[in-house]
Amino acid sequence: MEAVDKYVEYTSVSSIAGPLVIVEGVKGVAYGEIVEIITPSGEKRTGQVLEVREDIAVVQVFEGTTGLSTDRTRVRFTGETAKIGVSLEMLGRIFDGTGRPIDGGPEIIPEKKMDINGYPLNPVSRRTPDDFIQTGISAIDGPNTLVRGQKLPIFSGSGLPHNQLAVQIARQAKVRGEGERFAVVFAAMGITSEEANFFMEEFKKTGALEKAVVFINLADDPAIERILTPRIALTTAEYLAYEKDMHVLVILTDMTNYCEALREIAAARNEVPGRRGYPGYMYTDLATIYERAGRVKGKKGTITQIPILTMPHDDITHPIPDLTGYITEGQIVLSRELHRKGIYPPIDILPSLSRLASKGQGKGKTREDHPKVMSQIYAAYAEGRSLRDLVAVVGEEALTERDRAYLRFADEFERRFVSQGKDEDRSIEETLDLAWELLTILPREELKRIPEELIEKYLPKK
Amino acid sequence: MVVGKIVKIAGPVVVADGMKGSQMYEVVRVGEEKLTGEIIQLRGDRAVIQVYEETTGIRPGEPVEGTGAPLSVELGPGLLKSIYDGIQRPLTAIETVTGSIFIPRGVSVPALPRDVKWDFVPTVKEGDYVEGGDVIGTVEETKSIVHKVLLPVGIKGKIKEIKSGKFTVEDTVAVVETEDGEEKEIKMMQKWPVRKPRPYREKLPPTIPLITGERIIDTFFSLAKGGTAAIPGPFGSGKTVTQQQLAKWSDADVVIYIGCGERGNEMTEVIEEFPHLEDRRTGNKLIDRTILIANTSNMPVAAREASIYTGVTIAEYFRDMGYGVLLTADSTSRWAEAMREIAGRLEEMPGEEGYPAYLASRLAQFYERAGRVKCVGSEEKEGFVCIVGAVSPPGGDFSEPVTSNTLRIVKVFWALDANLARRRHFPAINWLQSYSLYIDDVTPWWQENTGPDWRELRDEAMRLLQKEAELQEIVQLVGPDALPDRERVILEVARMLREDFLQQDAFDEVDTYCPPMKQYMMLKIIMTFYRKALEVVEKGVDPGKIAKVPVKRDIARMKFIPEDKFLKEVAPELLERIEKELEALVENP
C-alpha cells in the first residue's frame, strides 16, 4: 500500500444517514473513489464516493456507520477507484466480502491490481458458448445442460437445499476428457455463519478448496459490503480465466441478499423507487454482474456463472428472479413440493430451462441420442404431471392403461432420475442410460419424439 | 468552443458550470479522458450532461468541452455489415484498435471507415439541377445493396463538378453551385442529428403487407410496409427467436437489428450467424443487408437510451434512398428503463412505476418515425421504415406502463404466450390475444396476389379458432363426445389449423419461410376440408370417421413441401382427395 500521508484527510463530516456519510469542503475527489474512514475510536473502515458536488462528497461506508460521529470522524480520500490485488496464490484461500483473508493465512502479494467494476465485454469479442460441462447431476446434465461461458441461475426458496446443491456442483463440475485447468470462485453474500461453516467444511473435506477462491460476506457483516463481494469475485474470475487460461465456475449466493443491500442504499439516498422499492437501475446493476460470464475470442479460459437466489414467497414474478431471468440464459428451479417428497435435488424440470442446452448436447459433445431422448422425457413428464391433477378429480381407476403408464413414469422419473445422492456423481452416459430405462415404462409407440434408429440402438429390451 | 468545469457527478449524470453558449443535446467531451456525453438540461450557464461511458474516477474541476454539434450519426457507404454500439462506435474496429476483449473508456474510432475507397459512379452530370435528397451517384456497398449517395437535405443548385472513380467517404465527389452563387463541396458521408426525424415529402397509406414468411403473422396479423408492431413476451416465450426470424426472412431491403440492453451472448449469436446465412431474396449473405446495433445490458445506460435513435436515423437514411427498411428493437423496455434511470438521477418527478412522465410521448415519437413515404428530392422515390419493438413486461404483466403505452401507439400486437412455448407450440404467438389493424388495408393486396376469397378464408379460420376456445371450456367439463357433431368438426379443424398451419418450424429448411401463395393454398385446403366435413356430417357421417381419413395425414405434411411442387402437384391433388375421401364416407357410412 502507498504511504498514508499521500492521502488527503478531512474531518468535515456534515451528516450521517444510514450507510452514507456526507463530507464537506473537499477538493479534487473523484466519483467512485475509495475512501478510508477512521472512527472516533480509531477503527478503520472503507467506503466509496457515490456522488460528488463541487466541495461535497457523498460516501457510502461498507462496514456501516455505527459509532461514527460528525465531529470526530476522519475521512481520507485515497485517489484510487475500487481495486483488488489478484494473484494465483488466491487459490485455496478464504476471504471476507471485501477481499481480506480470514483463514489465518498470510496476506496475498498481488501480481497486479484490477478494477473491480471491470469493463463491458465487447460483443464482437465474444464467442457463443458450446462446451458441455458435466455437473454429475442428472436433472441438470440431461434436460438443462450447462455449457462453458453460460450464466445459469438456481431459483430457490428459503429452506430448500440450494447450498448443498451449490457445493455438489462446485465439487463435481468438469469438462470431460480434458486435463484443462479448472477453478471455482465462490462468493457468499449475507449468509449465516452456520452456512459459512458448512461451505468451508465441505470445501475442505472434499478437497475442493485447493482449486477454489472463497469470498464470504456474513449476514451480520454490513449489508453495503455485499455490493462489493460479487464484483471482487468476478474480477478474480476474470483474472484466472483471461490471464491464466483457467475455466472458472463462479457461484454467487444469495443474490437476493445482494438486491436487498442495493435497495437499502437506494432508500438511504432517497432515490425514487421502482417496483417493490427496488431501485430503477437494478436491471442494469444485475447485468453488470451476470454479463461478466462468457467465452471470448483468443482466450483459453472461460467464466461460467451459477448465481443462486431465494425467491421471496417462492414467487417467480418477484423483481429479483424476474430481472435475473431476463438477463441469464435460463434458470434451474427448485420445487418445495419435490423437497417435501424427500427428493434431492428437488429440481423441477418443467419451469427450468437452459437456453444454451442445445449447444452442448448431442454427437461430439455428449451423445447422439441426448437431445431427442430428453425431448421425449420432458414431454412424458409433463403429460404425467398433468394426469396427476386429473387423478385428484376422477381417481386412478378412471384412467386408461396408457395414462397409468404416464403416471408411473412421472413418479419413477422423480424417484430415480431427479433424485440422487449428495455425493453421487453421475456421468452423462449414466444419466442418458437411466433416461432410456425409464422410457421402457411407456408403451413403445408413445416414443414419438425419438427417431426409430435411436430407439433400436438405445432402448433396453424388456 | 465552450469549455466548462465539472461541479457534480452522480453515476452517468454530470453537471458542469461555465457552459453558456452550448445548446440542448449538444455532444460534449467530459473530463481529462474525454468521455462522450450529451447535454440534456441547461439552466443559466449550468449544463446537465448524460455520459455514454462509465464515469468512475472523474473529478469536479475537470473540463467539459463542447463540440457545437448535437449527437449525430455518420451516414454513407460503410454502414452495412457494421456492428455499432448505441452511439455508433464501430465495435469491430474498437476491438482491432484496442486489442482488447473489453471496451475501455474514451476510445474514439470513426463510425465509417476513413481508409476504404469506394467506387463512385455518378448518376448526374455537370449542369444538372439537383436538390437535397437527390441521388448524385451510386456505390456498390455490398453484393445486395447499392448505396445511393444522396445530396444532403437543404442544398439546392446546379452541379458544377462531378467525379467518378475511387474515393474515401471524406473526399469531395461533387461540387454544387447554389442559387446564391455559393459553391458546396459534396462528400459521400453526411451527418444527421439522431433525435431529429429526417424529412420526407409525404406519408403514404400502409397498403402493402410486409411478407415475413411466418404464417401466423402474414395471414392473420399482418404488418404493413411502413407499419409498427410490438412483441411483448415474458422471458422464455421465444421473443428473440421471433425477432431473428423477421430479420432473416422479411422482404425488406435493409434490416437494422438493435440489441438494446439485452444479453451479450444473444448478440454474439446474431453476429456469428448472419455472415453465414443466405438471404433468400438475393442469394447473398444476410449480413450484406444488415446493420447491427449492440448495446448489451452491461454497456453504459445512457448509450442504451441513444441506441434507439441511432438505429432509426440510419433506417430513415436508407428509406430516403428508396429502400424498404425493417428495424427491430429488442427490447424497448430496456430503453424505457434507461430513460427512467437517467430521469431518476436528474431527480425528476416520477410518473407511473418511477418512469418519467414523458415516457408515453417518447415512445410515440419513436414509433412515429416509421412509415411508407415519398422521399425528399426532385425524383420520385418511395421507401419505408417498419418498426418492430419487443417489450419485456416485468413478471409477464401486460398492464405495466411500457407495454400499455406501446399498445396505444402500435397497430400490430403479436402476443407471445409462455404457455404455448411450454407446450412447444412455435411461434408462440397467441391467436386470441394478438391483433393487426392493417388487415383492411392489406386485403386488396392479398386478394390480388393470391385469391379473391383470401379475406373470407382468413376470417372464417379466425372464427373457428375463437369458437374452439369456447368449446374447449365445455370439453373440459363434459368431454368431447357430448358435443353436437358440427362442433366436433370445428374442434377437429381448429386443431388442424393450429398444428398444420399456425405451428411453424423455424429450424426446418422449407418450413422456416412460407411464401404468400403457399400460405393461401394451405389455408384454402384446410378450409375446404372444413366445409366438406360439415357437408358430410349433415348427411349423417360420424365426425370420428372424418378425423381418420388418410388425406389428413398429407395435409399435415403440406408445410414441409417446397412451394413450387406444392402449388403444381400437391395442392390440386389434396383438394381432389378431400372431396373424394369425405364423399366416400357418405356412401359407406
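**Helix packing and domains in a predicted model**

In chain A, the residues A:Met255, A:Tyr258, A:Cys259 and A:Leu262 of H5(A) meet A:Met282, A:Asp285, A:Leu286, A:Ile289 and A:Tyr290 of H6(A), where contact means heavy atoms within 4.5 Å. This contact comprises 8 nonpolar, no polar and 1 charged residues (Ala, Val, Leu, Ile, Met, Phe, Trp, Tyr, Cys and Pro count as nonpolar, Asp, Glu, Lys and Arg as charged, and the others, Gly among them, as polar). The model is predicted: local features need pLDDT of at least 70, side-chain atom pairs count only at pLDDT 80 or more, and totals for chains, interfaces and linings use all residues. Residues are numbered from 1 along each chain as its sequence is written, chains are lettered from A in the order in which they are written, and side-chain values use heavy atoms, without hydrogens and water.

**Helix pair in chain A**
- Helix H5 (residues 255–268) and helix H6 (residues 282–290) of chain A pack at about 135 degrees, with axes 11 Å apart (axes are lines fitted to C-alpha atoms over the stretch in contact, and angles run from 0 to 180 degrees between N-to-C directions).
- H5(A) is therefore oblique to H6(A) (angles under 35 degrees count as roughly parallel, over 145 as roughly antiparallel, 65 to 115 as roughly perpendicular and the rest as oblique).

**Helix pair in chain B**
- The axes of helix H12 (residues 485–502) and helix H13 (residues 516–538) of chain B come within 10 Å and cross at roughly 165 degrees, so H12(B) and H13(B) are roughly antiparallel.
- The residues of their contact divide into 15 nonpolar, 1 polar and 4 charged.

**Domains of chain B**
- An automatic or database assignment divides chain B into domain 1 (3–69), domain 2 (115–188), domain 3 (202–438) and domain 4 (451–587).
- Taken over C-alpha atoms, the centres of domain 1 and domain 2 of chain B are separated by 36 Å.

Conventions:
Helices (H or I, at least four residues) and strands (E, at least two) are DSSP runs, numbered from the N terminus.
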